[in-house]
Amino acid sequence: MAKWGEGDPRWIVEERADATNVNNWHWTERDVTGWSTDKLKELLLGLRVEGLEGSCEVTDVPTLDGEASINNRKGKLIYFYEWNVKATWTGTTKTGIKYKGNIEVPNLSDENDMDDLDISVSLCKDEPNTTLTELMKKEGAKKVRAALGSYVDHLKSEFTQGMILPTANGVASKPQPAQTQTKVKVDKTQIGSSVSTPSPSTGVKIPTCKFSLKETFLTSPDELYRTFINQDMVQAFTHTAAVVDGDKGGKFQLLEGSVNGEFMELVPDEKIVMKWRFKTWPCEHYATITLNMKDRGNETELKVECKGVPTGEEDRTKEGWKRYYFEAIKQTFGFGARLY
């Protein structure tokens, strides 16, 4: 069982503020390495070129060494990325003979323009010479370069939201154009796509949404109820230290403070109502999450109602609950059952 948040950086969150920041600008960083890995594979796999000799296609991306992050520093979004990309291509002649080769891009970085990328195309060792290599070097390399450029475009468009936090007067400024600078690293944190909206303390309303989830567990209602309010059980399924006061008005803190809240209503074996928030949500903003448990014989049906989730955070919150509550509880305690 993976440690809570391991493999999914969106549920590990932290935020830094500059102590000399008189204008209430926050310096934040998002680690988007995991997202980048998936996106690069998505864009590269299946790339295909054809010529008189035959066709070539990228069939595997076995190596993606590197990292990517986005920084908001005093209202400016700065993108850092550095990758060594290795892919495999397969060429097929018109007569059906197949050849295999490699592609390597050692310098995909914010410090290099797309035109400056070194894209090396070669045949695998012991493969006989073929004119398909030249096809891949000329036309294939162009498509690889375009795909890597598309990755950078996606990086800058999909993660613009949520990196600018409100100023002291409650007005959230728009990001200034992205910049590429000499790398100045701050303490690395991990966070996924989120939308930061003006804090309640500024008097500005936050647009929110609601959703519900339903899941079935092979256990009794009383056992499932205890799983959410017992500190030892919470620490067991999150695989990290937690603070859980399982009484009405009791507070909880999970994942080193990334998730916290308070129990508002407790009906033993039936219902839990809690204030719940990610650390990166606007200051003091909580969603209201209600857990309703129904006895279905040898199973317990759990219905989760989430209200007041900041707009733009629905998918992140929903997937987090499915993976780090539902699936983690089943795997840890053997409460596995069919998924809805």
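Colleague: How many bridges join S13 to S14?

Modeller: Six bridges join S13 to S14, and the two strands run antiparallel. Two strands count as paired if DSSP finds at least two bridges between them. Val 273 stands opposite Thr 290 in S14.

Colleague: What is the model, and how is it read?

Modeller: This is a predicted model, where local features need pLDDT of at least 70, side-chain atom pairs count only at pLDDT 80 or more, and totals for chains, interfaces and linings use all residues. Residues are numbered from 1 along each chain as its sequence is written, and side-chain values use heavy atoms, with hydrogens and water left out.

Colleague: What makes S12 and S13 a hairpin?

Modeller: Strand S12 (residues 259–267) and strand S13 (residues 271–278) pair in the antiparallel sense over eight bridges. Three residues lie between them. Val 267 has Lys 271 as its bridge partner in S13. Asn 260 is bridged to Arg 277. Strands are DSSP runs of E, at least two residues; helices are runs of H or I, at least four.

Colleague: Which phi does Asp 269 have?

Modeller: A positive one, about 70 degrees, although Asp 269 is not a glycine. Most residues other than glycine have a negative phi. Asp 269 sits in the loop between S12 and S13.

Colleague: Why is Asp 269 called partly exposed?

Modeller: Its relative accessible area is 33%. Buried means under 20%, exposed over 50%, and partly exposed in between (1.4 Å probe, protein chains only). Therefore Asp 269 is partly exposed.

Colleague: And why does Asp 126 count as exposed?

Modeller: Asp 126 has 74% relative accessibility, so it counts as exposed. Asp 126 lies in the loop between S7 and H2. Its phi is positive too, about 75 degrees, and it is not a glycine.

Colleague: How do you know that S13 is mostly covered?

Modeller: Six of its eight residues are buried.

Colleague: Why are S9 and S10 placed at the edges of the sheet?

Modeller: The open sheet has seven strands, in the order S9-S15-S14-S13-S12-S11-S10, with antiparallel pairing. Strand S9 (208–217) and strand S10 (243–244) each have a single partner strand, so one side of each is left without a neighbour in the sheet.

Colleague: What does H5 touch on this sheet?

Modeller: H5 packs on S9, strand S11 (251–254), S12, S13, strand S14 (287–295) and strand S15 (300–310). Its direction makes about 20 degrees with that of S9. Contact means heavy atoms within 4.5 Å.

Colleague: Why are H4 and H5 called roughly perpendicular?

Modeller: The axes of helix H4 (residues 231–238) and helix H5 (residues 314–333) come within 8 Å and cross at roughly 95 degrees. Angles of 65 to 115 degrees count as roughly perpendicular; under 35 is roughly parallel, over 145 roughly antiparallel, the rest oblique. H4 and H5 are therefore roughly perpendicular to each other. The contact involves Met 233, Ala 236 and Phe 237 of H4, and residues of H5 including Tyr 324, Ile 329 and Phe 333. Eight of the contact residues are nonpolar, one is polar and none is charged.

Colleague: What makes a set of residues a nonpolar core?

Modeller: Its members are buried Ala, Val, Leu, Ile, Met, Phe, Trp, Tyr and Cys residues, joined through side-chain atoms within 4.5 Å. The largest has 37 residues. Trp 83, Ile 103, Leu 108 and Tyr 151 have the most contacts inside it. H2 gives the most to this core, with ten residues. Another core lies apart from it, with 36 residues, among them Ile 229, Phe 252, Phe 278 and Phe 335.

Note on methods: Axes are lines fitted to C-alpha atoms, for helices over the stretch in contact, and angles run from 0 to 180 degrees between N-to-C directions. Ala, Val, Leu, Ile, Met, Phe, Trp, Tyr, Cys and Pro count as nonpolar, Asp, Glu, Lys and Arg as charged, and the others, Gly among them, as polar.
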